[in-house]
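Look over the chain before reading on.

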Amino acid sequence: MAFSSFSARRGGAWPHSLLPSTTASSKSKHTRKPRRRLLLRDFLFANFFTIGLSVSLFFFFLLLLRYGVPHPITAGFKYSRSPIRFSKPPRKPVARKPGQNDDVSGAAVDITTKELYDKIEFSDVDGGPWKQGWRVGYKGDEWDSEKLKVIVVPHSHNDPGWKLTVAEYYERQSRHILDTIVATLSKDTRRKFIWEEMSYLERWWKDSANDKRELFTSLVKNGQLEIVGGGWVMNDEANSHYYAIIEQITEGNLWLNETVGVIPKNSWAIDPFGYSSTMAYLLRRMGFENMLIQRTHYELKKELALHKNLEYIWRQSWDVDESTDIFVHMMPFYSYDVPHTCGPEPAICCQFDFARMRGFMYEFCPWGDNPVETNQENVQERALLLLDQYKKKSTLYRTNTLLIPLGDDFRYVSVEEAEAQFRNYQMLFDFINSNPSLNAEAHFGTLEDYFRTLREEAERINHTRPGEIGSGQVGGFPSLSGDFFTYADRQQDYWSGYYVSRPFFKAVDRVLEHTLRATDMMMAFLLGYCGRAQCEKLPIGFSYKLAAARRNLALFQHHDGVTGTAKDHVVLDYGTRMHTSLQDLQIFMSKAIEVLLGIRHDKYDINPSQFEPEQVRSKYDVQPVHRAIMARE
């Protein structure tokens with residue numbers, strides 16, 4: 001022992017010890033001190049540490065009573081995931097409204113969806129031309145000081161599976177839509193477009209010639225074409241697990257960044273059946289700054305529109321630091337098609353969907369009045385009719401910057417259709433822009449154009465209501481927390497059945513998720529901890545199947561996939577893809593374990609695998625079979 005060896009070297013003594021010595025050498029030649037003094041000294045030496053600790057604790061508690069509990073040194077240095085995205089300093093604390101957000105442990109907000117649902121009567125009153133709203137009007141002087149800025153955003157919603165499979169949609173429509181976008185936008189720099197689904201873009205990219213790829217990239221770089229969201233699909237937000245959501249957005253964004261060299265910062269989710277606050281949190285953590293949503297309960301839209309709260313800051317209910325705030329634009333009307341996006345009167349808006357003119361494959365307007373070609377004789381009458389809808393819609397929002405989506409499911413499938421839309425709208429825009437008395441300007445734009453223009457106006461004009469908490473990131477808008485479930489698009493039609501429909505497919509989705517995660521871990525072991533050449537050979541050879549598994553999982557997160565709302569043969573296609581990937585991952589994991597353990601097989605061995613999954617499925621839509629564990633010699 002150290003003490004023993006120390007004593008041996010020092011002659012068995014502790015010359016510097018605080019304890020009293022009992023050896024003969026400790027005797028003193030001086031006169032003996034009084035006994036009481038010696039007892040006090042012995043007591044102090046024997047209880048030195050106890051006395052010191054007691055004194056320290058006494059002063060410590062004295063300081064606590066005087067100054068309170070001290071804060072950590074790092075408390076003043078808040079960490080931000082994306083410090084370069086916002087130029088404004090953090091907002092100063094705002095006093096809570098009396099009676100609002102009584103839970104002091106939560107974030108302070110202006111609106112909660114729970115309060116909205118408790119307040120709304122859900123009476124479904126007929127509002128006239130805008131059936132789910134009211135008769136919208138305006139005075140006429142709302143744009144005297146700040147003219148109306150209308151940004152029309154052409155788009156095409158491409159479901160990666162719904163009535164047809166993803167492969168069928170691609171061959172019949174999506175590949176032609178992407179060809180059309182490149183051809184028509186390159187003719188006029190004033191034309192703009194947005195695209196969302198990377199699952200189609202990736203396949204189109206592989207099939208396209210280099211010159212078409214370069215033209216596509218140049219359109220993205222010069223701002224005519226914006227990639228919004230950039231996920232593999234536009235995922236569902238009720239059934240999809242957060243791991244699968246992260247995977248599908250990562251897969252799409254990684255491919256986009258490596259191929260085109262851009263990373264989206266605006267989210268576009270016009271078709272999921274309700275919206276989760278978790279999705280807003282994930283998007284903000286991924287670096288997104290703005291998001292657009294559409295399918296929320298029609299009575300909730302009406303309530304928000306009445307108070308001009310359709311644009312807000314979405315805040316997590318627990319986020320007292322406002323570190324996850326994200327700006328949201330909610331579309332106000334029934335759908336994202338042209339009749340329900342230009343203004344509150346669909347019968348009029350449908351007349352400006354020029355793909356419904358004779359000669360195209362789309363149905364005529366169900367309200368009777370169909371669109372006509374714009375020319376010099378009718379341009380004034382048509383432009384004023386359209387501008388009236390724009391002005392009515394703008395009264396539902398706080399700013400004079402207005403977003404008008406222009407598209408529908410699988411639109412712009414031909415050059416002729418795209419030219420009809422761009423040509424007619426440009427003539428209408430030219431008339432509006434050439435008449436200053438209208439106090440309005442209109443042009444094509446992207447989602448980024450809209451959010452940038454809106455933020456610029458919010459910097460110049462304060463739209464904040466008295467007593468409003470808002471946010472320090474974008475001024476002039478209320479803060480909101482909560483989610484938007486359950487969705488109803490009309491009457492009592494609540495979209496809740498898809499929470500549980502097609503349970504076998506939902507089960508395979510979860511099994512594929514955790515198997516993919518386990519495979520990623522096994523891959524890390526092979527590449528990070530194994531030094532043999534075989535450890536690199538297996539992952540490299542399997543990488544394309546791993547990528548396919550990620551994409552098949554991502555594909556099923558589509559809002560018509562995991563929800564079960566697609567046609568039967570489409571769901572069968574999803575299931576087959578997931579089942580194939582599940583089998584591939586299980587085979588890889590078996591081989592990876594053998595490689596890590598150094599197990600080698602003869603090349604003529606019929607059944608070389610010594611490790612098999614405990615749970616197997618013969619098909620994607622049957623119950624799994626559990627294997628019994630066999631102990632081998």
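## Disulfides

A disulfide is taken here as a pair of cysteine sulfur atoms within 2.5 Å. The structure is a predicted model. By that cut-off the count comes to two disulfides. In general, such a link is a covalent bond between the sulfur atoms of two cysteines.

Cys 342 and Cys 349 form one of these links, with sulfur atoms 1.9 Å apart. The angle about the S-S bond is -90°, and the link of Cys 342 and Cys 349 is left-handed. Are these two cysteines buried or exposed? Both Cys 342 and Cys 349 are buried.

## The Cys 350 and Cys 365 link

Cys 350 and Cys 365 also form a disulfide. Their sulfur atoms are 2.0 Å apart. Cys 350 and Cys 365 both sit in the loop between α11 (346-349) and α12 (379-394), so the pair ties together parts 15 residues apart in sequence. The link of Cys 350 and Cys 365 is left-handed, with -100° about the S-S bond. Both of its cysteines, Cys 350 and Cys 365, are buried.

Phe 364 is placed in the loop between α11 and α12. Its relative accessibility is 35%, so Phe 364 counts as partly exposed. The C-alpha atoms of Phe 364 and Cys 350 are separated by 8.8 Å, and the two residues are 14 residues apart along the chain. Leaving out residues up to four places away in sequence, Phe 364 touches Arg 356, Met 357, Arg 358 and Asn 370.

## The chain as a whole

The chain holds 17 helices and 13 strands. It has 633 residues, and 50% of them are buried.

What share of the contacts with a separation of 6 or more joins residues 24 or more positions apart? The share is 74%.

## Helices α8 and α15

Two packed helices are described by the angle between their axes and the distance between the axes. For helix α8 (residues 242-259) and helix α15 (residues 503-529), the axes come within 10 Å. They cross at roughly 65°. The crossing of α8 and α15 is left-handed.

Which residues make the contact? On α8 they are Tyr 243, Ala 244 and Glu 247. On α15 they are Glu 513, Leu 516, Arg 517 and Asp 520. The residues of the contact of α8 with α15 divide into three nonpolar, no polar and four charged.

## Two buried sites

Gln 294 lies in the loop between β6 (290-293) and α10 (298-306). Its relative accessible area is 1%, so Gln 294 is buried. With neighbours within four places in sequence left aside, the contacts of Gln 294 include Ala 269, Ile 270, Tyr 275 and Lys 301. Met 331, Phe 333, Tyr 334, Ser 335 and Tyr 336 are also in contact with Gln 294.

Methods. Residues are numbered from 1 along each chain as its sequence is written. This is a predicted model: local features need pLDDT of at least 70, side-chain atom pairs count only at pLDDT 80 or more; totals for chains, interfaces and linings use all residues. Side-chain values use heavy atoms; hydrogens and water are left out. Helices (H or I, at least four residues) and strands (E, at least two) are DSSP runs, numbered from the N terminus. Buried means under 20% relative accessible area, exposed over 50%, partly exposed in between (1.4 Å probe, protein chains only). Contact means heavy atoms within 4.5 Å. Axes are lines fitted to C-alpha atoms, for helices over the stretch in contact, and angles run from 0 to 180 degrees between N-to-C directions. A crossing is left-handed if the near helix is turned anticlockwise from the far one by less than a right angle, and right-handed if clockwise. Ala, Val, Leu, Ile, Met, Phe, Trp, Tyr, Cys and Pro count as nonpolar, Asp, Glu, Lys and Arg as charged, and the others, Gly among them, as polar.
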